[in-house]
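Student: I would like to learn how to read a core and a salt bridge in a protein model. Please take me through an example.

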Amino acid sequence: MDDNGLHYVQYHSSKESTYLAAIRQLISNDLSEPYSIYVYRYFLYQWGDLCFLALDEEENMLGVIISKLEPHRGGPLRGYIAMLAVKKQHRGKGIATKLVRMALDIMIERDAEEIALETEVTNTAAMKLYERLGFLRSKRLHRYYLNGNSAYRFVLFVKESAFTSRLGYEDDEEEADPSQPEPPPSA
């Protein structure tokens, strides 16, 4: 238990009957996207160990984060925060920060090179949270959500190789020394 009487647990499929309805209710109240049961199961069945819950002393769910980790388009191992929600009356108590840090820690421990997410351009509290944790805005996605709102994609570059590969640099190339003559072309 923390100072607020909360405890944080990692999701486990054995608790689906206990937690899934509460997860769906919390997310549907807070996020603009209407997710079907299949979306939740997609994440929870494959990456349940990357999902965390904030519970009060009576086991009521106050917050949830749902994440995944997989290679991105044949490139870097990318963590992804799909959903984060905290009950309105419990915001501002550090619950979202704790949930995000728990997800980040396990993804980094499993060698994520970068971690990405999207959030609505109107969600200033979420944007401030992610920027405080080191995420960078990488792109604006016009009319990304079904409600017509745009989003920002945020990326946290965990390893330098993920960042430099995005810029077109190769890890094994050395910078040329301008004081040295150019080597002759190879045949």
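The dialogue below covers the nonpolar core and then the salt bridges.

Tutor: This is a predicted model, where local features need pLDDT of at least 70, side-chain atom pairs count only at pLDDT 80 or more, and totals for chains, interfaces and linings use all residues. Residues are numbered from 1 along each chain as its sequence is written, and side-chain values use heavy atoms, with hydrogens and water left out.

Student: Which residues touch the most other members of the largest nonpolar core?

Tutor: A nonpolar core is a set of buried Ala, Val, Leu, Ile, Met, Phe, Trp, Tyr and Cys residues joined through side-chain atoms within 4.5 Å. Buried means under 20% relative accessible area, exposed over 50%, and partly exposed in between (1.4 Å probe, protein chains only). Here the largest core has 55 residues, and those touching the most other members are Ile23, Val64, Ile66, Ile81, Val100, Tyr130 and Phe135. Helix α3 (residues 95–109) contributes the most, eight residues; helices (H or I, at least four residues) and strands (E, at least two) are DSSP runs, numbered from the N terminus.

Student: How many salt bridges does the structure hold?

Tutor: Side chains of opposite charge can pair when their charged atoms come close. A salt bridge is a side-chain nitrogen of Lys or Arg within 4 Å of a carboxyl oxygen of Asp or Glu. The structure holds eight. In one of them, Arg153 pairs with Glu118, with the closest N and O atoms 2.9 Å apart. Arg153 lies in strand β7 (residues 151–157) and Glu118 in strand β5, so the pair ties together parts 35 residues apart in sequence.

Student: Are Arg153 and Glu118 buried or exposed?

Tutor: Both Arg153 and Glu118 are buried. By contrast, Arg110 and Asp49 form a salt bridge at 2.6 Å between the closest N and O atoms, and Arg110 is partly exposed at 35%, as is Asp49 at 28%.
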